[in-house]
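Okay, thanks everyone, I'll keep this short. Let me put the structure up and then walk you through it.

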Amino acid sequence: MIVDLHLEETLIFHDEPQLFSATDQIGGYYICLAVDDTPQYIAVAISYARLQELKLGKIDLWSIFSSPELGVWFKVVLAEKIKLIGELMPAGEKIPLDWLPIKGEYLPTMAKLRPEAFEGVKISTIAKEAKMNPTLLRQYVAGIKQPSHDQALRIQEALHRVAQRLLDSQFV
Amino acid sequence: MDWFEKLPVNCPSAKAVSPESFYFRLGSIPPDESDFWSHRKRFPYKEFKVDECIAFSLSLFDSLEAVERLKRTIPALRKKTIVELDLRPADGLIQQTGNDSHHFSWWRSKEFNTEKIKIIKS
């Protein structure tokens, strides 16, 4: 059995995607993990609910790949340009242990502030609303510094207040 | 800036900043000059739904713990060695990219000298 896969979201990146979610021709989800430099990946089909658990850090990667929901693995290769081909591994064939992540490793934390959230607004406006130094906010958005949870919340609330004022504006 | 590789137009973006700290990267054993080539220089024709500007960058981490976690998580990277780089503003520009807040893309200038790297652990 062969499936055509399309990369949906890169979850771990180091020079190239190392772990990513993909979909097949009928929208089924897969998660693909780099196992060597060629690059070759292994993939397992994954339900949307389990994919969300992975993204939220509720389940580790070892569990995803050692116990696939459908009990089968796919070998994935980059066939041509951006075409990904997944080939079902023969029934009963187990993946080598060194193709598995170490137990207890979860997805890395997301950046606290997503830069795209600030693309349509002036940083100085949000900084003023949050009563924060604009230079510091620019450093947070650029990822040079990491805000604390409280600071991230303060910035988020300021962004929402500005957005609400824009929503409330009426011209006709 | 005098870039090590010819970069696409408007790359790096205005959000990229000067590095002035220690960063970590995975490389070969022993470290090789090509460890400091971008993905695009190593694989000129490979397309993998990655922004072309990012394809011309090198991945760095601002935390040793984050790069050690990456080795534990990704089988393809488990045998790589960790190198430490003391980057100065003349060495290029960096920008936080990707889902990991510790991951940075680095656009290397010609000033960077690979002899400056320090091998941390293999």
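Let's start at one residue, Leu33(A). Leaving out residues up to four places away in sequence, Leu33(A) touches Leu19(A), Tyr41(A), Ile42(A) and Phe65(A), and also Ile74(B) and Pro75(B) from chain B. Before I go on, keep in mind that this is a predicted model.

So what does Leu33(A) belong to? Leu33(A) sits in the largest nonpolar core, which has 52 residues. Together with Cys32(A), Ile42(A) and Ala43(A), Leu33(A) touches the most other members of that core. And which element gives the core its largest share? That's strand 3 of chain A, residues 29-36, with 6 residues.

Now, the domains. Chain A is assigned domain 1, covering 2-99, and domain 2, covering 115-168. How far apart are the C-alpha centres of domain 1 and domain 2 of chain A? They lie 35 Å apart.

Last stop, the contact between the chains. Chain A puts in 36 residues and chain B puts in 27. On the chain B side, the elements giving two or more residues are strand 2 (58-61), helix 3 (64-73) and strand 4 (92-96). If you like to think in residue classes, the side of chain B that touches chain A has 11 nonpolar, 9 polar and 7 charged residues.

Conventions
Residues numbered from 1 in each chain as written. Chains lettered and ligands numbered in written order. Predicted model: local features only at pLDDT ≥ 70, side-chain atom pairs only at ≥ 80, totals over all residues. Domains from an automatic or database assignment. Contact = placed C-beta atoms within 7 Å. Helix = DSSP H or I, 4+ residues; strand = E, 2+ residues; numbered from the N terminus. Nonpolar A, V, L, I, M, F, W, Y, C, P; charged D, E, K, R; others polar. Core = buried A, V, L, I, M, F, W, Y, C linked by C-beta atoms within 7 Å. Buried ≥ 20, exposed ≤ 12 C-beta atoms within 10 Å, placed from the backbone.
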